[in-house]
Each structure stands twice: as structure tokens, then as C-alpha cells.
Amino acid sequence: MLDSKKFYNFLKKNNINFFTGVPDSLLKNFIYLLDKKKKEEHLSVGNEGLAIALAAGHYLSSGNPALVYMQNSGLGNAINPLNSIANKEVYGIPMLLLIGWRGEIIKKNKQVDDEPQHLYQGKITLKQLKLIDIPYKVINKDTKNFKKIITQSKQLSISLQKPVAIIVKKGTFKKNKEKKIFSKKTSYPFRKKIIEKIIEKSKNNSLIISTTGYTSRELYHLRFLRNENVSKDFLMVGGMGHAVSVSAGIAKNLKKKKIICIDGDGSLLMHTSGMQNSAMMKNFIHILINNGVHDSVGGQKINSIKLNYRQISKGFGYDFYFKSSTLKKFEKNMDKALKLNKSVFIEILSQAGITSNLPRPKEKFILRKKEFQKILKKNAKY
Ligand SMILES: Cc1ncc(C[n+]2csc(CCOP(=O)(O)OP(=O)(O)O)c2C)c(N)n1
């Protein structure tokens, strides 16, 4: 296994001294090191496309390639600036991409057992890079020559004037002594407790759409524990950041239902402009579980200290904004929101972390979609 500190030190030795990206669990031990650095050296961003653009700006102003880290699911967000800024037929911007390979191919056509949303993306990741003309090397826990790979990747990126990728398989980086420093203990409620309250409060005539990561897994687990139909919620297992827009698409057509979107701060920042449309829906409750970190992939920090969600939600046009840091106040806010025929944004401060082992949904998502559509069609009360 690779020592992420040695990996980082060698990148620095090669004059890679700016890092940016959206975190991935396969890269978490490497990103914990970066989380401690100043903004001149590390910026965590809302989506992977922004990271490519920051890296381009860094190269233009310093002459040194930056390193952009991401999960392979983030390639979708990155592809536009990769193809239309960094590509050598446009500006030709050197940079290194460090990509966690969820749904990796172990041997020829044999794929690792992973969650459904990672399977297709896992299968096409290397093909996607070939198609957009990005050379890559794959590293894993047995890689011995990582120094050579870093040196050659950087040289190649500079000589070809384009991005070059290093693909990271599961288990490549070993745990380091560096602890995540941002998932601090607070008195705020855990996400699962908040979701439980949402379920309790939203029995009648409402639909829940939940964001990517632990939020959807906890919602699923709670339905299971409560012996309730797991298909009555729409779990955004992939498409991080788009829960708000899927919810708005539903809200627009089902005006008699209350649409409740459960979001995370990392998710909301990924495609914040979805709020332009959700704010117009009068049957919309947007709940932001704000824990200041990307909890689901390791608890890496989110640059959100100065964000003011009252102003943000009001600015996008939400009719109401409520905030709480306790479950009691949150319950009251939910009661108020459910009575209003307006768009409401509820922020609740939350403690990062999971409180129990979480099962992964077993049902096929295609079947869940059909069940969910049946529920929407019947306009059923539950
Ligand atoms: C496009 C994309 N980039 C990255 C990821 C990896 N990922 C899954 S969940 C998650 C963190 C979500 O953070 P947040 O919305 O704040 O919720 P929390 O995990 O803190 O509850 C990330 C980065 C992804 N699924 N998709």
C-alpha cells in the first residue's frame, strides 16, 4: 500500500504545489493531508469542473501544473472544461488528475462488487479518458514505482501540453496517522436523527427525495427498520447535487403533494443553481443538513464557513428560511413549513458521522423507479 504522505511529498518535490478537487473515499487518506494546508496550496471546490478551471488558472499564473483529485463519477462534471479549456486543440493546459476508480475492473471484464451507481461509470472510466485523449496510468496497493509514475506523468503533461491522469484503485493508500480534522464533535443532532424526524413529520401527502451518500442510505435504513415501503422515496444514489432539480421536476407536476428534498451541504454546493427553479415551487421544502464536511466519503472539509444560507436561499427566491441546531426547533420548523403553501428552505446544523452500520439498498433501481412512479401516478396517500 502507498503512504499518502510520501506520495504528497514527491508531488511537491516535482513542483506540484496546488491541489484542488472534490473528495472521494478511495483518496481520503491523501485528502486529509491537503485539508490542513492553506488556501494557496489547497482549495476544496463544489464540483469537479470548477477544480479543472482553478487548475487552469493556477497553471496560467504559475507555469506549474496543479493536481485535481476526484472520484470517477466526477468526470462527468469535469469533461466540459477538460474538453473545451484544457484540451490541446484549445488552450492545452497541463495538469495531473488523480481519479478514484469506483466500480473498477479487476481483471478482463470482471468488475469489483460496488454500488449500482458506480457500475456503469466504473466500466467506462478508462474508455472515457481514451476518448478525450487523456493518457493515464493505473495504480494499486502493489504499485512500487509511484515516484516514476508521478515524474513521468508530469513530464508527459508538460511535453504534450494537456492533462494526464493517475487512476487509483481501491485500497491503494494506507491509513495514515493524520486524522481528519474537520469532523469535530458538536452538540448538533446526527443526520440519521434528523431524517427520522422528517419521516415522522411527513406522513401525509408528501414525497421525499434524498441526496447522494449517507443521507439516502440512512433514509433507506430507517424505512427498513420502520417496516415501511422502501420505494416511496426517491434516493439519488448518484447524480450528486441534482436532488434539488429532480425534486423541482416532480414538484412542478404534482402541485398537490409536498415535495421534500433532503440535501447535504456538499451536494447543494455542487449544483446550487438548481435552487433558482425549486424556489419557484410553492409545494417545496428544501432541507439542508449542514455538517460542514463531505461526511459520506471520509469527512473532508467544505469551504463553507462564510456561507450564509439565509441570504443564499432568499437570494434564489425562496419564500421562507428557517434555521435550527436542535431537533426540537427543527420539528417546529418542519411543522411550520408543512402548513405553508410556499417554498421553504430549512437549514439544520448537524453532527457528522454515522450511528450504525448502513445497509446498501438491495432492490434493483430500475424496479424501485417503477414502484416510485406507481406511487406518483396513484397520487397515493401514505
Ligand atoms: C459527481 C460526484 N462527485 C463526487 C462524488 C462522491 N461523493 C459521494 S457522497 C459525497 C459527499 C456528499 O457530501 P454532503 O452532500 O455534504 O453530504 P454528507 O456526506 O456530509 O452527508 C461525495 C463527494 C459523487 N458521488 N459524485
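A residue is buried if 20 or more other C-beta atoms lie within 10 Å of its own, exposed if 12 or fewer, and partly exposed in between. Gln-161 has 14 other C-beta atoms within 10 Å, so Gln-161 is partly exposed. The model is predicted, and the points below describe that model.

**Sheet**

- Six strands make up an open sheet, and their order is β2-β1-β3-β4-β8-β7. The pairing in this sheet is parallel.
- At the edges are β2 (42-44) and β7 (136-139), each of which pairs on one side only.
- From one strand to the next, the twist averages 20°.
- Strands of a sheet can pair in a parallel or an antiparallel way, through backbone hydrogen bonds.
- Five bridges join strand β3 (residues 67-71) to strand β4 (residues 95-100), in the parallel sense.
- Which residue of β4 is the bridge partner of Tyr-69? The partner is Leu-98.

**Helix against sheet**

- Angles over 145 degrees count as roughly antiparallel.

**Helix α1 with helix α2**

- Helix α1 (residues 4-13) and helix α2 (residues 28-35) cross at roughly 60°, and their axes come within 9 Å.
- The two helices, α1 and α2, are therefore oblique to each other.
- Their crossing, that of α1 and α2, is right-handed.
- On the α1 side the contact is made by Ser-4, Lys-5, Phe-7 and Tyr-8, and on the α2 side by Asn-29, Phe-30 and Leu-33.
- Sorted by class, the residues in the contact of α1 with α2 are four nonpolar, two polar and one charged.

**Helix α3 with helix α4**

- The axes of helix α3 (residues 48-62) and helix α4 (residues 75-86) are 6 Å apart, and the helices pack at an angle of about 30°.
- Why is α3 roughly parallel to α4? The angle between α3 and α4 is about 30°, and α3 counts as roughly parallel to α4 because angles under 35 degrees are classed that way.
- Helix α3 contributes Glu-48, Gly-49, Ile-52, Ala-53 and Ala-56 to the contact, while α4 contributes Asn-77, Ala-78, Asn-80, Pro-81, Leu-82, Ile-85 and Ala-86.
- The contact of α3 with α4 has eight nonpolar, three polar and one charged residues by class.

**Residue Ile-158**

- Ile-158 is part of helix α6.
- Is Ile-158 buried or partly exposed? It has 15 C-beta neighbours inside 10 Å, so Ile-158 counts as partly exposed.
- Leaving aside residues up to four places away in sequence, Ile-158 touches Pro-65 and Pro-94.
- Ile-158 and Asn-64 are separated by 94 residues in sequence, yet their C-alpha atoms are 8.9 Å apart in space.

- Most residues other than glycine have a negative phi.
- Asn-15 is not a glycine but has a positive phi of about 65°.
- The loop between α1 and β1 (19-21) holds Asn-15. With 12 C-beta neighbours inside 10 Å, Asn-15 counts as exposed.
- Gln-161, which is not a glycine either, has a positive phi of about 55°.
- Where is Gln-161 found? Its place is in the loop between α6 and β8.

Note on methods
Residues are numbered from 1 along each chain as its sequence is written. This is a predicted model: local features need pLDDT of at least 70, side-chain atom pairs count only at pLDDT 80 or more; totals for chains, interfaces and linings use all residues. Two strands pair if DSSP finds at least two bridges between them. Helices (H or I, at least four residues) and strands (E, at least two) are DSSP runs, numbered from the N terminus. Axes are lines fitted to C-alpha atoms, for helices over the stretch in contact, and angles run from 0 to 180 degrees between N-to-C directions. Angles under 35 degrees count as roughly parallel, over 145 as roughly antiparallel, 65 to 115 as roughly perpendicular and the rest as oblique. A crossing is left-handed if the near helix is turned anticlockwise from the far one by less than a right angle, and right-handed if clockwise. Two residues are in contact if their C-beta atoms, placed from the backbone, lie within 7 Å. Ala, Val, Leu, Ile, Met, Phe, Trp, Tyr, Cys and Pro count as nonpolar, Asp, Glu, Lys and Arg as charged, and the others, Gly among them, as polar.
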